[in-house]
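Please read this briefing alongside the sequence and the three-dimensional view.

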Amino acid sequence: MITQDLRRIICAKEVQDTANVALQNVKEALAPRLSDVSLMEEVYAKFREYVAGIKSSRHSERRREFLFIFAYLYCPTVLVGGTMPKGYRGKLKELLHVESPSAISNYTSDLFFLYNHYQDFREVVEGAYAYIAERMKIE
């Protein structure tokens with residue numbers, strides 16, 4: 001009986017170790033690349049420079065592309081269903097000239113889906129990110 005219980009304890013320890021490694025990987029993957037909110041306007045300006053020559057049928061598409069890049073840089077957890085840190089939605093509302101902070105939440109709800117399923121969305125995001133990263137020296 002003790003042997004069986006010890007096997008369960010050993011198994012639990014192995015699962016716990018695996019879970020700890022997985023949690024560390026998640027923490028690293030979802031760590032923000034930028035934390036300085038004063039750079040938000042510069043990121044947006046560089047994004048607008050990049051997309052200036054690209055035709056788009058809707059302004060909301062550009063907002064979503066920018067919001068993907070913003071989330072990737074400042075709060076990657078948003079891309080996988082997490083919440084945006086306090087104060088970010090209000091700053092984005094002003095920057096993007098949208099009606100309310102809740103509109104930002106609406107725009108961000110499907111960003112990862114759009115990136116994974118629409119090549120044109122993904123191409124603009126990747127091109128704009130490369131442009132921004134190069135000019136702002138973001139690694």
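Predicted model: local features only at pLDDT ≥ 70, side-chain atom pairs only at ≥ 80, totals over all residues.

Residues are numbered from 1 along each chain as its sequence is written, and side-chain values use heavy atoms, with hydrogens and water left out. Helices are DSSP runs (H or I, at least four residues), numbered from the N terminus.

**Packing of α2 with α4**

- Helix α2 (residues 40–51) packs with helix α4 (residues 88–96) at an angle of about 40 degrees, and their axes are 11 Å apart; the axes are lines fitted to C-alpha atoms over the stretch in contact, with angles running from 0 to 180 degrees between N-to-C directions.
- This angle makes α2 oblique to α4, given that angles under 35 degrees count as roughly parallel, over 145 as roughly antiparallel, 65 to 115 as roughly perpendicular and the rest as oblique.
- The crossing of α2 and α4 is right-handed, a term used if the near helix is turned clockwise from the far one by less than a right angle.
- On the α2 side the contact is made by Met40, Glu41 and Tyr44, and on the α4 side by Lys91, Leu92, Leu95 and Leu96, where contact means heavy atoms within 4.5 Å.
- Sorted by class, the contact of α2 with α4 has 5 nonpolar, no polar and 2 charged residues; Ala, Val, Leu, Ile, Met, Phe, Trp, Tyr, Cys and Pro count as nonpolar, Asp, Glu, Lys and Arg as charged, and the others, Gly among them, as polar.

**Packing of α4 with α5**

- The axes of α4 and α5 cross at roughly 90 degrees and come within 8 Å, and the two helices are therefore roughly perpendicular to each other.
- Helix α4 contributes Arg89, Gly90, Leu92, Lys93 and Leu96 to this contact, and α5 contributes Pro101, Ser102, Ile104 and Ser105.
- By class, the contact of α4 with α5 has 4 nonpolar, 3 polar and 2 charged residues.

**The nonpolar core**

- The largest nonpolar core has 38 residues, and those with the most contacts inside it are Phe66, Phe70 and Leu92; such a core is a set of buried Ala, Val, Leu, Ile, Met, Phe, Trp, Tyr and Cys residues joined through side-chain atoms within 4.5 Å.
- At least two residues of this core are supplied by each of α2, α3 (59–74), α4, α5 (101–108), α6 (111–117) and α7 (119–136).
- Leaving aside neighbours within four places in sequence, Leu92 is in contact with Met40, Phe66, Leu67, Phe70, Met84, His97 and Ile104.

**Individual residues**

- Thr108, in helix α5, counts as buried at 10% relative accessibility, where buried means under 20% relative accessible area, exposed over 50% and partly exposed in between (1.4 Å probe, protein chains only).
- Not counting residues up to four places away in sequence, Thr108 touches Leu67, Val78 and Met84.
- Val124, in helix α7, is likewise buried, at 10% relative accessibility, and with the residues up to four places away in sequence not counted, Val124 touches Tyr50, Val51, Ile54, Arg62 and Glu65.
- His97 lies in the loop between α4 and α5, is exposed with a relative accessible area of 65%, and has a positive phi of about 55 degrees although it is not a glycine.
- Lys137, in the segment after α7, counts as exposed at 71% relative accessibility and, although not a glycine, has a positive phi of about 55 degrees.
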